[in-house]
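I opened this model to look up a few things and kept short notes. They follow the order in which I looked.

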Amino acid sequence: MISKGIRGAITVDENSEAAIKSAVVQLLGEILRRNNLSEGNLSHIIFTVTSDLDAAFPAKFARIDLGLKKTAMMCYNEAVVKFALPLCLRIMVVANCSEDFVPEFVYLKGAEMLRENY
């Protein structure tokens, strides 16, 4: 068994706890669904947010709303880069998997442009 990273990103409607929660549940839920992952497959999850998102810790909603109580998680600020996409939440899920597993990355809402431009 090896570990592989699965990237994803989503834009958040506003800097509020409710909007961050909605984005985490939508994005992380979709990453887990598309990659057929459960908590038993997860090594750890890294969340980053742009500096304009400071209303809540994203990991809180992964634990409470998605039930990921045994998975190690950390939250960080995204690098501040001129002209970067604002109100953006990024996730890196590190999954324990077979060597032939092909991760499906998930980019939702305004973050879809990240796959095209960056």
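**Entry 1: a pair in a helix.** I began with Glu30 and Arg33, which are three residues apart in helix H1 and so separated by about one helical turn. Helices here are DSSP runs of H or I with at least four residues, strands are runs of E with at least two, and both are numbered from the N terminus. Glu30 forms a salt bridge with Arg33, and the closest N and O atoms are 2.5 Å apart. I used this rule: a side-chain nitrogen of Lys or Arg within 4 Å of a carboxyl oxygen of Asp or Glu. Glu30 is buried at 17% relative accessible area, whereas Arg33 is exposed at 56%. Buried means under 20%, exposed over 50%, and partly exposed in between (1.4 Å probe, protein chains only). Salt bridges that share partners join Glu30, Arg33, Arg34 and Glu104 into one network.

I noted the ground rules. This is a predicted model, where local features need pLDDT of at least 70 and side-chain atom pairs count only at pLDDT 80 or more, while totals for chains, interfaces and linings use all residues. Residues are numbered from 1 along each chain as its sequence is written, and side-chain values use heavy atoms, leaving out hydrogens and water.

**Entry 2: other salt bridges.** I found a count of seven. Lys60 bridges to Glu17, with the closest N and O atoms 2.8 Å apart. Lys60 lies in helix H2 (residues 58-64) and Glu17 in helix H1 (residues 17-34), so this pair ties together parts 43 residues apart in sequence. Asp65 bridges to Lys21 at 3.3 Å. Asp65 sits in the loop between H2 and S3 and Lys21 in helix H1, so here the parts tied together are 44 residues apart in sequence.

**Entry 3: the sheet.** In what order do the five strands of the open sheet run? I read S3-S2-S4-S1-S5, with mixed pairing. Strands S3 (72-77) and S5 (106-108) are the edges, each pairing on one side only. Two strands pair if DSSP finds at least two bridges between them. Ten bridges join S1 to strand S4 (residues 88-97), and the two run antiparallel. Arg7 stands opposite Met92 in S4.

**Entry 4: cysteines.** I searched the whole structure and found zero disulfides (cysteine sulfur atoms within 2.5 Å). The sulfur of Cys88 is 14 Å from the closest cysteine sulfur, in Cys75, too far for a bond. Cys88 is buried at 0%, and Cys75 is partly exposed at 26%.
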